[in-house]
Amino acid sequence: MLALVVSAPQDEVEVASDVLWSLGVVAIEERVVAERVVELWTSIGDDLDDVTNVAALKLQRWPWRCVEVDESVADTWRDHAEPVWIDSDLVVCPTWVPFEQPRGVTVLRIEPGSTFGLGDHPTTVLSLRALRRALRTDATVLDVGSGSGVLAVGACVLGASTAIAIDIAPASVSVARANAIENGVVDRVQPSTTSLTDIDRTFDIVVANILAPTLIELADDLVRVTASTGVLIVSGVLIDRHQHVEDALRPLTRVRRDTLDGWAAITLSHGAS
């Protein structure tokens, strides 16, 4: 397994971590290595060239390196993974966890690999709930910062006609495709590393489960790709710190806010008053 290690001054750890989270990482381990210097250990994929290219583009501010680590040690978290109930009739279950499907319950089977999106983070739960509520038969969906593809795959399992899943993390494409195959919707999920700025159409539902600084950076394009009769769902924002994100997304305005464990998901549309 290839680990990405970023060295940051202690007072820049939060900023560096935000950049890593925006790349779709599953977890970040902090290691104090010197006075006021912290190493952030994470993974964004196993292809050295791809990881190097992304790191060189996004981590210019801090020294970084790639390190081979024992995958069996890095994956001990899998022993503790459990199914996550989104609603009373919808559950996200890790592919390796035994689960007997109850009658009337939809099960999404997800393997996150080295991407973000097992389904257990509050922002993912909130995003999937909001997406399901907004979904109409044959709706088109754009999942921005898709990670494992859990939202795109879930949208298609629940009835969307197509879902385009974009993420700058190289590993996300193969992981999202594998999850689409696992859930029988590979013909409707289109994962890629296409930049949001290169998306030239609009969608009935746009969902972006990414942190506030990136939401603000992408705000103009998120508004642009949301259909005039569609909705934009954003999460990755704190329950008491999201007004600046809403301001950046104008003229879209909030129609609903959902919260869970200190996080919020905001649903916005063109027609709200």
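Val-141 stands opposite Ala-163 in strand S9. The two belong to a pair of strands: S8 (residues 140-144) and S9 (residues 162-166) run parallel and share five bridges. Two strands count as paired if DSSP finds at least two bridges between them. Strands (E, at least two residues) and helices (H or I, at least four) are DSSP runs, numbered from the N terminus.

This is a predicted model, in which local features need pLDDT of at least 70, side-chain atom pairs count only at pLDDT 80 or more, and totals for chains, interfaces and linings use all residues. Residues are numbered from 1 along each chain as its sequence is written, and side-chain values use heavy atoms, leaving out hydrogens and water.

Now widen the view. S8 and S9 sit in an open sheet of seven strands, ordered S10-S9-S8-S11-S12-S14-S13, with mixed pairing. Its edges are S10 (189-192) and S13 (253-260), each pairing on one side only. Neighbouring strands here are turned by 15° on average, direction ignored. Axes are lines fitted to C-alpha atoms, for helices over the stretch in contact; angles run from 0 to 180 degrees between N-to-C directions.

Next come the helices. H4 (residues 122-134) lies across S11, S12, S13 and S14, at about 160° to S12. H5 (residues 150-157) lies across S8, S9, S10 and S11, at about 180° to S9. Contact means heavy atoms within 4.5 Å.

A further open sheet has three strands in the order S5-S6-S7, also with mixed pairing. S5 (84-87) and S7 (106-110) form its edges. Five bridges join S6 (residues 90-94) to S7 in parallel. There, Val-92 stands opposite Leu-108. H5 packs on this sheet too, touching S6 and S7.
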